[in-house]
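Subject: Structure handover

Hello,

The structure you asked about is below. My notes on what was found in it follow directly after.

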Amino acid sequence: MTIAQDTSPAVAAAPPRASAFSRFWQQNGSGYLFLLPWLIGFFGLTLGPMISSLYLSFTDFDLLTAPDWVGASNYVRMFTNDAKFATSMRVTVFFVIFSVPLKLAFALGVAMLLNRGMKGLPLYRALFYLPSLLGASVAIAILWRQIFAGDGLVNKFLSLFGIVGPSWISNPHYALWTLIVLSIWQFGSPMIIFLAGLRQIPQDMYEAASLDGAGKWRQFWKITLPLLTPVVFFNAIIQTIEAFKSFTPAFIISGGTGNPINSTLFYTLYLYQEAFGFFRMGYASALAWVLLALVALFTAFSFLTSKYWVHYDD
Amino acid sequence: MTDAPMKMTVVTGEVPLWRKRLVSVLSHAALFAASILMLYPLLWMLSASFRPETEIFTSASIWPSEWSIDAYFRGWNGLRVSFSVFFTNSFVIAFLAVAGNVLACSLAAYAFARLEFKGRRFWFALMLMTLMLPYQVTLIPQYVLFRSIGWVDTILPLVVPKFLASDAFFVFLMVQFFRAIPRELDEAAMMDGAGPWRIYWKIMLPLSTPVLATAAIFTFIWTWDDFFGPLIYLNKMSDYTVMLGLRTFTDSTGTSDYGGLFAMSVLSLVPIFLFFLFFQRLLIEGIATTGMKR
Amino acid sequence: MTLKLDRRQFLMGSSALMAAGAAGIGPAWAQASNLRLIFWGGQDRADRTYKVADLFTAAKGNAIEAEFLAWNDYWPKLATQTAGGNAPDIIQMDYRYIVEYAKRNAIAPLDDYLGGALQLDAFDADQLEGGKVDGKLYGISLGANSVAMLVNKAAFEEVGIDAPTNAWTLDALMEMGEAFASANIRGGMRAIADGSYSEPMLDNWLRQRGKALYTAEGGLGFDEGDAVEWYQLWNKLRDAKVCVTPEDQALDTGPLETTMLVTGKSALMPSNSNQLVAFQGLVPDPLDMVGYPRIAEGVGGGHYRKPSMFFSVGGTSADKEAAASFVNFFVSDPEAAKVLGVERGIPCLPATRDVVAPTLDGANQIALNFVANLGDLLGPLPPPPPAAAGEVDSSLIRTLGQEVGFGAKSAEQAGKELVDGATAILSRAAS
């Protein structure tokens, strides 16, 4: 030992940093190399604005003059003196709880149907994706009114059965549901992702299972679903995040007002009103970071519990 | 496993033909009805684009009382800059965005999914966080940033971030798909002496055509449909995209040209629909087998 | 290239830019006599504006780079540009926002240019006043308009009663309502839209009673008693089926195609005089315009001619003088006037009005005549609204009106909340 200690200073004086670095590079280099574009983008274009917005959340910023530091008062006000915050949170959570599972169920169901390979498949696939193409166009707002207003299509249909429906889209009890239906109607995106996931399951697994005598239902439970869990996980997380951030449908259908009586006041719509309508960008930033914290918690929780049900092949 | 004597799965227990036909007819009928639901808005828009303006919101039926393609001409040339310019701009931005996303996001996703490196989880979590912040609050700081480097009034703020994998959605998506590809293939290639780049290029990418096609489709459509980015960063009308052009058709304070709006909306659907049709084949053809031996 | 935008840098950067701009030291590239113009509107307005811009370039040499957006997109973009130190030279401005922008120096005071670049001696005094904030001139009115009740003449003929005139009262409205309710034309068309959450109608009603929405000091100009009476009035109209159902009214989210007049739910609807043309384009029946109903016969003073919109000069504009001269050209040049017509409102210079009047057609003539002949409906011009007026309108007036309509709150509750809430918002904004 002593011999080693005698010689070690000389050896240690040689390039320890270089070898540590080259060790680091050998182990992690390729990872970081592949990640380089993202890292450049993150540090160059994303991090700065994110930190700015965090800073702004502690200020009074009216967009037209420089921000004024006010400490945590935005956050305090949010939780103690803002009825609209509570309303918008409630509306958004309600929206998430109902629209996401239903949307995913439709997406998966239709994807499975279309995966069977029937006649006219490409056409149907395109048709089911069509609503998502219409996206955020002004036309959607106009259409939704035509369908869900007091004298709209839905009520005309219901009147065939003698039911007099309310004006779904302008009644505070039902207006949010029309937005939930809108979200579900645009299930095309998760559907396509499910389809891609289904397509990635090798056919020979099904063939092997058939030969072993497994019926369609068993195949679904034992092969399809487990192998699909990474995609299910993805869709669930993404759709939930998007639902929390949902803005455009509420914006165009309620004209940015959250009509009627704030029953469609989505959280980001409220945020937008505060930022650009009332020139309170500082408060809006605080709202945004509260949302981020909430969604981050949810996502972290999902990731932690995902090991119990998501099967990766690696 | 039951105690019953082993049964041979004999293929004689066939479903009667009439039942098969019935199921087929019913499912087609259901699909057809559902398709009408999906199609109805488009039909309404088509109808609105062909009928007189005063009828659009007041008529009860979907069938126009008089047909005219006037709205198409009016819409195309109505704004000072013709829609052909808008379409070109939208195409350029969308194609660049697709190229950027597919390339950059797959690189990042490969790193997260397949490569071991210190800090991987940390960066992954950060990346996901970028998805969670509503854009309304990063808008102004980003604008200030882009202005300080002189990119405002160009398409650079809309396109360059795609080449830097700024769309965490696609990185995450690809990570999930990459992780579903069996590692045996990687390992086999590594035994043959392949480094990470070769594995990425020769194994991962070819096997990932479904997800890459998905990313291409979504990027194209979302970039095409995006109006907020172009709204903020493009000042000259000759730089506007289709979506931005459409938004100037209706103004709640003055006269609007709804016929023109719907006509141009219908036209703007055509490219994204075609793109979708073309790329969905890639999505579906995917991989029939992985050539994997278990 | 900035890799990390320090927040301090960001602050420094934008405030430095704005300070430099205010001092008149602009970056070199702004010295060219290019002027940037931004306005909201549709194609029709854009066409006219571009033509006038061309006329200006031909006359004075400055090139105009114009950009236009729909109303909803305009304000976020303008705010973003201003926050980024990139605001245009000539900015179309609205009554609702002019106080905010003026107080923060995002738009420049124009008093120095009066008599120079701005030749506005014959300008309507009340229109000039309307563009002042804290005594300084910040915006030049591009046209006067007034609130007006749009009338669907064909519907009244169908019911068989006379359409209202400028002399009509709330009692007359009750009678019309009853006639419509019993005639039940066109699937249950009512007489009037629900005006309980229309800020202009509330304002007009208060002014007729000698009160106002806001005082000159920025406080509330009415009390709880007024507010409760207002909601009770509309409850009465609603119960008697004079106005549309709350569900129908809630369909109106701003865009013209959602309004009661266009969707055929009512024959009367509160609006502005310069919007007649837009509405006529969407409704096959012939439309007319009258004043808001009087609270009793002979009582007037509710109306006033307000600037429909302004042109302001950007606070950071490098060539404010040229910008001011563009604004001057816009409102006074006869050729420009012919192009612009009354699309933005009635011109505020008599000379311009004379040039425009003979060129007007049907709906435009009606608008011009209406604004010119308000007579005793006219009252004094109110002071500019306080900065938080927009918030009071959207958060309280609109929401409470809906709540009362849907029965979620009583008139008494709503009246109290309106006054308490408005006072709170106003004092918070003032602090």
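C:Asn105 sits in the loop that links helix 4 and helix 5 of chain C; helices (H or I, at least four residues) and strands (E, at least two) are DSSP runs, numbered from the N terminus. C:Asn105 is not a glycine, yet its phi is positive, about 60°. Most residues other than glycine have a negative phi. With 17 other C-beta atoms within 10 Å, C:Asn105 is partly exposed. On this scale a residue is buried if 20 or more other C-beta atoms lie within 10 Å of its own, exposed if 12 or fewer, and partly exposed in between, with C-beta atoms placed from the backbone.

Please keep in mind that this is a predicted model, in which local features need pLDDT of at least 70 and side-chain atom pairs count only at pLDDT 80 or more, while totals for chains, interfaces and linings use all residues. Residues are numbered from 1 along each chain as its sequence is written, and chains are lettered from A and ligands numbered from 1 in the order in which they are written.

A:Ile261 also has a positive phi without being glycine, near 50°. It belongs to the loop between helix 12 (248-253) and helix 13 of chain A. A:Ile261 is buried, with 25 other C-beta atoms within 10 Å.

The sheet in chain C

Chain C has an open sheet of five strands in the order 2-1-3-13-6, with mixed pairing; two strands pair if DSSP finds at least two bridges between them. Strand 2 (63-69) and strand 6 (140-141) are at the edges with a single partner strand each, so one side of each has no neighbour in the sheet. Strand 1 of chain C runs parallel to strand 2 of chain C and is joined to it by seven bridges. Within that pair, C:Phe39 stands opposite C:Phe68 of strand 2. Strand 1 (residues 34-40) is also parallel to strand 3 (residues 90-93) of chain C, with two bridges between them. There, C:Ile38 has C:Ile91 of strand 3 as its bridge partner. Six of the seven residues of strand 1 of chain C are buried.

Helix 2 (residues 43-60) of chain C lies across strands 1 and 2 of chain C and runs at about 170° to strand 2. Axes here are lines fitted to C-alpha atoms, for helices over the stretch in contact, and angles run from 0 to 180 degrees between N-to-C directions.

After helix 16 of chain C comes C:Gly407, with a positive phi near 80°.

C:Ala429 is part of helix 17 (residues 411-430) of chain C. It is partly exposed, with 19 other C-beta atoms within 10 Å. Leaving aside residues up to four places away in sequence, C:Ala429 touches C:Pro386, C:Ala387 and C:Ala388; contact means that the C-beta atoms of two residues, placed from the backbone, lie within 7 Å.

Domains and chain contacts

Chain C is divided into domain 1 (17-145 + 307-375) and domain 2 (147-305 + 379-430), with bounds from an automatic or database domain assignment. The C-alpha centres of these two domains of chain C lie 29 Å apart. Their contact takes 23 residues from domain 1 of chain C and 19 residues from domain 2 of chain C. Chain A is divided into domain 1 (1-49) and domain 2 (73-306), and their centres, taken over C-alpha atoms, are separated by 45 Å.

Between chains, 34 residues of chain C are in contact with 35 residues of chain A. Helix 3 of chain C gives the most to the chain C side, with six residues. The contact between chain A and chain B takes 70 residues from chain A and 75 residues from chain B. On the chain A side, helix 2 of chain A gives the most, with 18 residues.

Regards
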